[in-house]
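Subject: Structure for you to look through

Hello,

Here is the structure I said I would pass on. Please open it beside this email, and my notes follow below it.

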Amino acid sequence: DLDVGVKLPQIMNFVRSGSVSGISSAYVHLELTSTIFSCCYNTLRGNPISTWGEMLNICIQNAVILLVYYYYSCNLLQSAGVNALRTLVGVSFHVATAYALLSGMLPDVQLPPLVCEPLLASMPSACDVLPGMQLMAIVPSLIVLASRAPQIALNFSQGHTGQLSLLTSALFFVGGVARLFTTLTEVNDPILLAGVLVGLLLNTLLVLQLLLFRTATARYMEGQRKSKKA
């Protein structure tokens, strides 16, 4: 299974360089939140493990990345206690999120009339109450968009991809294609399918950026290494 160690190249990039430069904090946190939502949704739905087992692997690796990110992004001007508290708060948030989802605490929601009524002509169900379970299925797609979009924008603005791993992104792309196939053949869940398609599209954009900015990234990383030796 390609997803068993899909994030390991990214983790090794951080450890080898001793840096998380070029990585968006929002990207790290939202990636973990997205996989927590996906795992909880599939667990509660009782979907076959073959359609989401790799997501559990990725979730665990995202948790490791969060800890590594905190370790290497510690502000040297802050005390060890402040950095430890920052890490504890971040980890506690994700644990509480998983507990709340598995306990069925996600409420049903309804869009305000001001938002949903203009959509009624094209979407008759726009003002319907959205059950918590359905919301749980939609949120990962929104989170993936919210996490990848800042990273993609950051890559464009800085002209390089920093510590992002091409191998990890490429494995994500291949895994996304495989996940699309299993979702189409084993699960009749349009919302889950939409989430897979969104993730695959954004992973494709990241891979293209990593290839497009490869030379610029190499120059940037070389400059980082020289500045550390100086």
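The protein chain has 9 helices and 0 strands. Helices (H or I, at least four residues) and strands (E, at least two) are DSSP runs, numbered from the N terminus. Read from the N terminus on, the order of elements is α-α-α-α-α-α-α-α-α.

Before the details, a word on the source. This is a predicted model, in which local features need pLDDT of at least 70 and side-chain atom pairs count only at pLDDT 80 or more, while totals for chains, interfaces and linings use all residues. Residues are numbered from 1 along each chain as its sequence is written, and side-chain values use heavy atoms, with hydrogens and water left out.

Overall shape

The C-alpha trace of the protein chain spans about 65 × 40 × 40 Å along its principal axes. For 230 residues, a compact globule would have a radius of gyration near 17 Å, and the 19 Å of the protein chain agrees with that. The radius of gyration is taken over C-alpha atoms, and the globule rule is 2.2 Å times the number of residues to the power 0.38.

Of the 230 residues in the protein chain, 43% are buried. Buried means under 20% relative accessible area, exposed over 50%, and partly exposed in between (1.4 Å probe, protein chains only). The protein chain exposes about 12,100 Å², and carbon and sulfur atoms supply 71% of that area. Accessible areas come from the Shrake-Rupley method with a 1.4 Å probe; for residues, only the protein chains shown count as cover.

Among the contacts in the protein chain with a separation of 6 or more, 79% are between residues 24 or more positions apart. Contact means heavy atoms within 4.5 Å.

The protein chain carries 12 positive and 10 negative side chains, and the centres of the two sets lie 23 Å apart. Lys and Arg count as positive and Asp and Glu as negative, while His and the chain ends are not counted. The place of a charge is taken as NZ of Lys, CZ of Arg, CG of Asp or CD of Glu.

Aromatic pairs

How many aromatic pairs does the structure hold? There are 2 aromatic pairs. The rings of Tyr-71 and Tyr-72 have centres 5.0 Å apart and planes at 85°, so this pair is edge-to-face. Rings of Phe, Tyr and Trp (its six-membered ring) pair if their centres lie within 6.5 Å; planes under 30 degrees apart count as stacked, over 60 as edge-to-face and the rest as tilted. Tyr-71 is exposed at 59% relative accessible area, whereas Tyr-72 is partly exposed at 27%.

The rings of Phe-156 and Phe-213 have centres 5.9 Å apart and planes at 85°, so this pair is edge-to-face. Phe-156 lies in helix H6 (residues 132-158) and Phe-213 in the loop between helix H8 (190-212) and helix H9 (214-229), so the pair ties together parts that are 57 residues apart in sequence. Phe-156 is exposed, with a relative accessible area of 52%; Phe-213 is buried, with 13%.

Ser-17 is in helix H1 (residues 8-17) and is partly exposed at 23% relative accessibility. Ser-17 and Tyr-72 are 55 residues apart in sequence, and their C-alpha atoms are 9.8 Å apart in space.

Leu-88 is in helix H4 (residues 80-102) and is exposed, with a relative accessible area of 52%. From the C-alpha of Leu-88 to that of Leu-67, 21 residues apart along the chain, the separation is 9.8 Å.

Cys-127 belongs to the loop between helix H5 (113-116) and H6. Is Cys-127 buried or exposed? With 19% relative accessibility, Cys-127 counts as buried. Cys-127 and Pro-113 are 14 residues apart in sequence and 7.0 Å apart in space, C-alpha to C-alpha.

Thr-183 sits in helix H7 (residues 166-186) and is buried, with a relative accessible area of 3%. Which residues does Thr-183 touch, not counting those up to four places away in sequence? They are Leu-192, Leu-193 and Val-196.

Ala-218 is in helix H9 and is partly exposed, with a relative accessible area of 44%. Ala-218 and His-160 are 58 residues apart in sequence, with 8.5 Å between their C-alpha atoms.

Regards
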